[in-house]
Amino acid sequence: MINDSELILNKDGSIYHLNLMPEDIADTIITVGDPDRVVKVSQYFDRIELQKGKREFITHTGYIGNKRISVISTGIGTDNIDIVFNELDALVNIDFESKALKSKLTSLNIIRIGTSGAVQSDIEMGTILASSFGVGFDA
């Protein structure tokens, strides 16, 4: 069993920072830093079934065709991203009633859309890049 201090839930049973219930998110999640970008992404959804927010964490879940997708803002910095990813993991891999790890674990498909810099002089401003992995050297 997971201690209450390790799995903080709001009074309505939602995960603390994201204010989400397990059924609120899709298996495919787009993350953006700026909360204003959530609307810019979800405007391309065919329909939106959920719009929730708390602090800088805004979530829209909806559909493109038959594909269910969530878009969530992380705010700025690795600390916020850590909160979002840990709470997303808890939403799909912890039973909130028993506060126990589920026997079958779920992997989410997470896509990050955002801005970045580059140290290579041959990469011009405005170039679209697709990373295959990321490594943090800040902690």
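The side chains of Glu49 and Arg68 form a salt bridge with an N to O distance of 2.5 Å, a salt bridge being a side-chain nitrogen of Lys or Arg within 4 Å of a carboxyl oxygen of Asp or Glu. The pair connects distant parts of the chain, with Glu49 in strand S2 and Arg68 in strand S4, 19 residues apart. Glu49 is partly exposed at 44% relative accessibility, and Arg68 is likewise classed as partly exposed, with a relative accessible area of 23%. Here, buried denotes under 20% relative accessible area, exposed over 50%, and partly exposed the range in between (1.4 Å probe, protein chains only). The model is predicted, with local features requiring pLDDT of at least 70 and side-chain atom pairs counting only at pLDDT 80 or more, whereas totals for chains, interfaces and linings use all residues. Residues are numbered from 1 along each chain as its sequence is written, and side-chain values use heavy atoms, with hydrogens and water left out.

The chain contains two helices and seven strands, assigned as DSSP runs (helices H or I, at least four residues; strands E, at least two) and numbered from the N terminus. From the N terminus on, the order of elements is β-α-β-β-β-α-β-β-β. The C-alpha trace spans about 55 × 40 × 30 Å along its principal axes. Of the 139 residues, 34% are buried. Contacts are defined by heavy atoms within 4.5 Å; among those with a separation of 6 or more, 57% involve residues 24 or more positions apart.

Strand S2 (residues 47–54) runs antiparallel to S3 and is joined to it by seven bridges, strands being regarded as paired if DSSP finds at least two bridges between them. Within this pairing, Thr59 of S3 is the bridge partner of Lys52. Two residues lie between the strands in the hairpin of S2 and S3, where Arg55 adopts a positive phi near 55°. Strand S4 (residues 67–73) is also antiparallel to S3, with six bridges between the two. Tyr63 stands opposite Arg68 in S4, and Arg68 is also the salt-bridge partner of Glu49. The hairpin of S3 and S4 again has two residues between the strands, and Gly65 there has a positive phi near 65°.

Thr28 is located in strand S1 (residues 28–32). This residue is buried, with a relative accessible area of 8%. Not counting residues up to four places away in sequence, Thr28 touches Lys67, Arg68, Ile69, Ser70, Asn109 and Ile111.

Charged side chains comprise 13 positive and 20 negative groups, and the centres of the two sets lie 5 Å apart. In this count Lys and Arg are positive and Asp and Glu negative, with His and the chain ends not counted; the place of a charge is taken as NZ of Lys, CZ of Arg, CG of Asp or CD of Glu. Side chains of opposite charge can pair when their charged atoms come close. Three salt bridges are found in total.

Besides the pair of Glu49 and Arg68, Lys52 forms a salt bridge with Asp24, the closest N and O atoms being 2.7 Å apart. Because Lys52 lies in strand S2 and Asp24 in the segment before S1, this pair ties together parts that are 28 residues apart in sequence. Lys52 is partly exposed at 23% relative accessibility, whereas Asp24 is buried, with a relative accessible area of 9%.

A further salt bridge is formed by the side chains of Lys99 and Asp4 (2.5 Å, N to O). This pair also links distant parts of the chain: Lys99 lies in the loop between strand S5 (94–95) and strand S6 (100–101), and Asp4 in the segment before S1, 95 residues apart. Lys99 is buried, with a relative accessible area of 14%, whereas Asp4 is exposed at 52%. Lys99 is not a glycine, yet has a positive phi of about 55°. A positive phi, near 60°, is also found for Asn19, a residue other than glycine; Asn19 is placed in the segment before S1.
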